[in-house]
Each structure stands twice: as C-alpha cells, then as structure tokens.
Protein chains: 2
Amino acid sequence: MVGQIIRCDSCAVRHRSVCSALTRPEIERLNGMAHAKLLPPGAVIMRDNEKSSYFANIISGVVKLTKSLGDGRQQIVGLQFASDFLGRPFRANSPYNAEAVTDVHLCTFETQQFEKLAKEFQDLEHRLFEHTLDELDAAQEWMLLLGRKSAEEKVASFLVMVARRMQSVGCHAAGHVTRFELPLSRAEIADFLGLTIETVSRQFTRLKNDGHIAIEGARTVVVQDMDRLRNISESVDG
Amino acid sequence: MVGQIIRCDSCAVRHRSVCSALTRPEIERLNGMAHAKLLPPGAVIMRDNEKSSYFANIISGVVKLTKSLGDGRQQIVGLQFASDFLGRPFRANSPYNAEAVTDVHLCTFETQQFEKLAKEFQDLEHRLFEHTLDELDAAQEWMLLLGRKSAEEKVASFLVMVARRMQSVGCHAAGHVTRFELPLSRAEIADFLGLTIETVSRQFTRLKNDGHIAIEGARTVVVQDMDRLRNISESVDG
DNA sequence: CGTTGACTTGAACGATATCAAACAGGGTGG
DNA sequence: CCACCCTGTTTGATATCGTTCAAGTCAACG
C-alpha cells in the first residue's frame with residue numbers, strides 16, 4: 001500500500017496538479033519527499049476533526065469528502081478527481097472525512113515538509129490558493145443545488161458534473177452522445193445530492209423513460225443530449 | 001456614498017481583517033489606495049458573473065452572497081460580517097451576487113492595485129488564503145445543513161451561527177441567556193436555509209413554544225440555553 | 001385612519017421519505 | 001453447472017414534512 005518514491009517526470013498529472021507551479025529544481029526537491037500510495041475503494045484517507053500526517057495529489061481515481069451528523073446522516077461535501085489536491089494546508093485538523101471511492105493512486109507528502117516548501121516557493125502556495133478557490137466555487141454551486149433544486153434537477157446536475165469531470169469513454173466526435181461510468185453507488189449519489197437511494201433510483205428511471213439518458217447495468221450512463229440535460233439541471237424550461 | 005480616504009490607524013477591524021498581515025510601511029501604502037463606502041440595505045455590491053472593479057473589507061454591517069436559478073429561486077451561499085473580505089482575488093468574474101443586508105461600511109480597494117500588493121507582500125496573500133479556507137469550511141458545514149438537516153435543525157443552526165457572529169447585546173455574564181438582533185428578514189433566512197418563509201416562521205414559533213427561545217418583535221431573539229439549542233441543531237437527542 | 005409590507009397562522013396538497021418487497025448480477029460451495 | 005446467497009438496485013404502497021395558497025395580524029407610515 002505504502003509505496004516507493006515517485007518519479008515526477010513520468011507523472012500523469014505533472015502539468016495539471018499543484019506541481020505545475022514548480023520549476024525544474026523545485027520539482028526535484030518535491031520528488032525527494034513524495035511517496036506513492038495505492039488505496040482500494042472504501043479506504044479512509046482522512047478523518048473529520050483529526051490530524052492528518054500527509055497531503056496528497058490524486059494521480060488517478062475518485063475520493064469523496066464527507067461530513068456526518070451524530071445519528072449517521074451523511075453528506076458528501078466534495079468529490080475529488082485526478083490532479084486534485086487533498087488536505088487542508090495550514091489547518092491542524094481535517095474538516096471532513098476523505099475516503100477512496102474507486103481504486104485511488106495518491107502521491108503523498110509529509111505535511112510539515114510540504115508546508116515548509118509552500119512557504120518557500122510562493123508559486124506553490126499560490127497554486128494551492130487557486131485550487132481552494134475552485135473548491136469554494138464548487139461548494140457554493142452545490143449549496144444552490146442542495147437548497148433549491150428538485151430531485152430531478154439534482155440528478156441531472158450530478159450527471160452533467162460527472163460527465164464533465166470523468167474521461168468520456170464513448171464516441172465523442174460522432175455528435176452529442178456521451179457514455180461514461182458512474183464512480184459512485186446509488187447510496188453515495190444520494191449522500192451527494194441530499195436525497196435517499198430510492199429517490200435517486202426513481203429519477204434515473206424517469207430520465208431514462210423520458211429518453212434523456214440510457215442506462216447500462218446501473219453504473220454506465222449514456223447521455224443522449226447533453227444540452228437538454230443541462231437545461232433540465234437548471235430548469236431552463238419545463 | 002463613495003467616500004474619502006481611509007485612516008487605517010483608527011479602523012475598527014484593523015487587527016482582525018486581512019490588513020492585520022501588513023507591517024507599518026505596508027499599511028501606509030494600503031492607506032493610500034483605500035476608499036470608504038457606506039451602503040444602505042439592498043445595495044448591490046457585486047453581480048454574479050460580472051467583473052467587479054474593487055475588493056473590500058467590511059468595517060461594519062452584514063453582506064449576503066447569493067446565487068439564483070433561472071426561474072428566480074435563490075440561495076444565500078455566504079454571509080459576511082465585520083472584518084470579512086469581499087471579492088474573489090485572481091478571478092475575472094464574481095461567482096455570486098453580493099448585496100448589503102444592513103447598512104454596510106466598506107473599505108474598498110481597486111482590484112488591480114490590490115492584487116499587485118498581494119503579489120508583492122506574501123503575508124497579505126497568505127491572509128487572503130486563510131480567509132478563503134474559512135469560507136470553504138463554512139460552505140461545507142452549510143452543505144451538511146442544506147442536504148441533511150430538518151427544518152427545525154436548520155433554524156436552530158442558524159440561530160447558533162448568528163449568535164456566534166453578531167455582537168451579543170444582552171447580559172452575557174449573568175448566565176446562558178443571550179439576546180441579539182437578527183440581521184436577516186424571514187425571506188432572507190429562508191433563502192439561507194433552503195426553506196420557505198412560512199416554514200421558517202413556523203419553526204420560530206415552535207422553538208418559542210417549546211421554551212428554547214423568546215422573540216421580541218420579529219427581529220430580536222433571546223436564547224434561553226445555548227447548549228440546548230446547539231443540541232437541537234445537531235440532533236444530539238430528541 | 002387607510003394603506004403597505006413583514007410576519008404569522010391555517011388548510012390542503014404534493015414531493016420526497018419511509019417501509020417493504022421484488023429483482024438482478026456476481027461469487028461461492030455443492 | 002446449478003442452487004444459493006449476498007449486496008446493490010428497482011419498484012410499490014403509504015406516511016410525512018415542508019410547500020403552496022389563502023387569510024389574518026400587526027406595526028410603521030402617510
């Protein structure tokens with residue numbers, strides 16, 4: 001699980017992650033403090049209110065960030081994909097649980113070393129800042145969804161978001177059809193949208209019956225018309 | 001409305017705002033580029049998706065950040081109080097509307113000048129970063145509320161949050177009683193909690209009938225037992 | 001006073017939750 | 001290879017919470 005030293009040169013997200021802020025000599029330095037980690041689905045990466053000993057870039061896979069109420073109700077407050085950064089710099093404790101959703105490939109850095117590096121190279125801290133701003137944008141967009149959208153709009157929004165962030169497997173050139181795998185189970189989608197499993201399922205079959213999507217074995221979705229789906233997600237018309 | 005040059009020395013939030021990161025010579029420089037603004041309730045400060053020409057520290061008052069759907073449904077995605085910072089550094093357009101809720105006293109900075117200053121003084125950018133992290137924490141906490149809490153829990157959470165951020169007017173020393181003015185109307189509270197005006201009103205009278213709070217003329221609330229209210233807001237018990 | 005706007009209260013409705021059962025696919029042991 | 005279970009998903013029936021629609025109250029103000 002805890003792997004060997006990373007080679008930044010051959011890193012899949014070298015130019016998309018926070019590392020892209022670093023110059024040649026700086027990346028060498030980072031190289032020396034990076035460790036690979038391969039986690040199975042369900043593996044806990046960070047725990048709410050507890051100190052985490054490392055930060056990480058996601059090389060591949062999907063990570064969910066969750067918060068819970070005392071009685072077990074849960075809410076996913078963020079989904080992180082390849083090239084995203086995990087962990088709160090300059091904070092003692094994690095404000096949420098982080099858990100691998102798929103197989104996840106991480107590139108980890110010991111917190112103190114990394115924060116020191118961030119202080120030293122302003123561009124790195126700036127990149128972290130930019131990433132945090134993106135997270136804030138996403139969070140506030142999701143607040144609008146959670147507070148004001150109907151179940152159908154929520155599910156449509158979710159599909160649009162996933163389609164945007166997952167690599168599309170189907171024929172992209174041939175037109176507007178897009179096929180992709182859902183990284184989340186129905187239960188996780190429910191936790192993301194503030195709904196129950198049953199309601200999520202019903203909305204999927206509704207979208208299917210209305211001809212907006214096709215479903216292949218619960219996890220694969222084919223969007224017939226992405227613009228139409230986007231309209232549903234924002235309730236542009238009936 | 002657009003006022004004169006600010007005197008940082010006598011500023012009420014000098015040591016709590018992002019300015020606290022600045023040393024003597026730096027603050028002098030900021031002093032030169034600051035302009036006071038006094039806005040009435042309802043005044044629009046920034047508009048979703050539009051460029052804003054200035055950043056601002058809130059000297060006094062409350063500002064709401066909102067996002068809307070095409071058909072008018074609205075969600076408050078952030079509340080900003082005295083010493084908070086307004087505006088998204090390093091972003092072309094505002095991701096939300098910002099509107100004065102009360103009379104608001106702002107200390108504004110022209111965007112380009114200010115971003116230049118942030119680039120120059122790393123501590124200032126770092127302070128902005130910290131503030132953004134706080135905003136993200138608040139946003140994710142609110143996602144849990146919007147997605148998973150009942151109407152009663154939402155209203156209780158709102159009261160706890162306001163009590164924490166507004167200056168308490170009542171007797172604080174005498175025990176657990178706390179009296180404060182709500183900065184938001186029922187309609188605004190509804191937009192903040194993802195509820196309707198009617199539901200908010202009903203939950204207020206419920207909390208009142210159950211003896212958890214007293215209400216004086218719609219805008220003033222007296223919390224009888226803050227811990228009890230906090231328990232309701234997190235559903236610690238029945 | 002009469003009007004206005006913010007808030008509260010009531011009754012009926014509807015969207016989503018809850019409870020319960022059926023279904024489907026994948027893995028295991030016989 | 002099949003029967004069986006296990007888990008995730010779908011579907012159905014009913015309940016509930018919050019919304020919607022409609023009055024009604026109250027204080028501020030002209």
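Two residues are in contact, or touch, if their C-beta atoms, placed from the backbone, lie within 7 Å. The structure is a predicted model, in which local features need pLDDT of at least 70, side-chain atom pairs count only at pLDDT 80 or more, and totals for chains, interfaces and linings use all residues. Residues are numbered from 1 along each chain as its sequence is written, while chains are lettered from A and ligands numbered from 1 in the order in which they are written.

**Figure 1. Contacts between chain A and chain B.** M143(B) touches Q75(A), V77(A), A139(A), W142(A), M143(A) and L146(A), residues up to four places away in sequence not being counted. Over the whole interface, 34 residues of chain A are in contact with 35 residues of chain B. On the side of chain A that touches chain B, the elements giving two or more residues are β6 (74-80) and α3 (122-148) of chain A. The largest share of that side, 18 residues, is supplied by α3(A). Helices (H or I, at least four residues) and strands (E, at least two) are DSSP runs, numbered from the N terminus. By class, the side of chain A that touches chain B has 14 nonpolar, nine polar and 11 charged residues. Here Ala, Val, Leu, Ile, Met, Phe, Trp, Tyr, Cys and Pro count as nonpolar, Asp, Glu, Lys and Arg as charged, and the others, Gly among them, as polar.

**Figure 2. The largest nonpolar core.** This core has 124 residues, of which V63(A), M143(A), L159(A), V63(B), M143(B) and L159(B) touch the most other members. A nonpolar core is a set of buried Ala, Val, Leu, Ile, Met, Phe, Trp, Tyr and Cys residues joined through C-beta atoms within 7 Å. A residue is buried if 20 or more other C-beta atoms lie within 10 Å of its own, exposed if 12 or fewer, and partly exposed in between, the C-beta atoms being placed from the backbone.

Figure 3. Six of the seven residues of β9(A) (residues 104-110) are buried, and the strand is mostly covered. Strand β2(A) (residues 34-39) pairs with β9(A) in the antiparallel sense over six bridges; two strands pair if DSSP finds at least two bridges between them. Within this pairing, T108(A) of β9(A) stands opposite H35(A). Strand β4(A) (residues 54-60) also pairs with β9(A), antiparallel and over six bridges. F55(A) has F109(A) of β9(A) as its bridge partner, and I58(A) has L106(A). Five of the seven residues of β4(A) are buried, so this strand is largely enclosed by the rest of the structure. Two bridges join β4(A) to the antiparallel strand β7(A) (residues 85-86), where L86(A) is the bridge partner of A56(A).

**Figure 4. Helix α5 of chain B.** Because six of its eight residues are buried, α5(B) (residues 186-193) is largely enclosed by the rest of the structure. The buried residues are E188(B), I189(B), A190(B), D191(B), F192(B) and L193(B). They pack against β5 (63-68), β6 (74-80), α4 (151-165) and α6 (197-209) of chain B. Just after the helix, G194(B) takes a positive phi of about 70 degrees.

**Figure 5. Helix α7 of chain B.** In α7(B) (residues 226-234), the buried residues are L229(B), I232(B) and S233(B). They cover an arc of only 100 degrees around the axis, which puts them on the same side of α7(B); the arc is that of the directions from the helix axis to the C-beta atoms. An α-helix has 3.6 residues a turn, so residues three or four places apart point the same way. The cover over the buried residues of α7(B) includes α4 and β12 (220-223) of chain B. Just after α7(B), S235(B) takes a positive phi of about 55 degrees.

Figure 6. DNA strand C is surrounded by 18 residues, the closest being T199(A), S185(B), R186(B), S201(B) and T205(B). In the surface near DNA strand C, α6(B) gives the largest share, six residues.

Definitions and conventions:
Near = placed C-beta within 6 Å.
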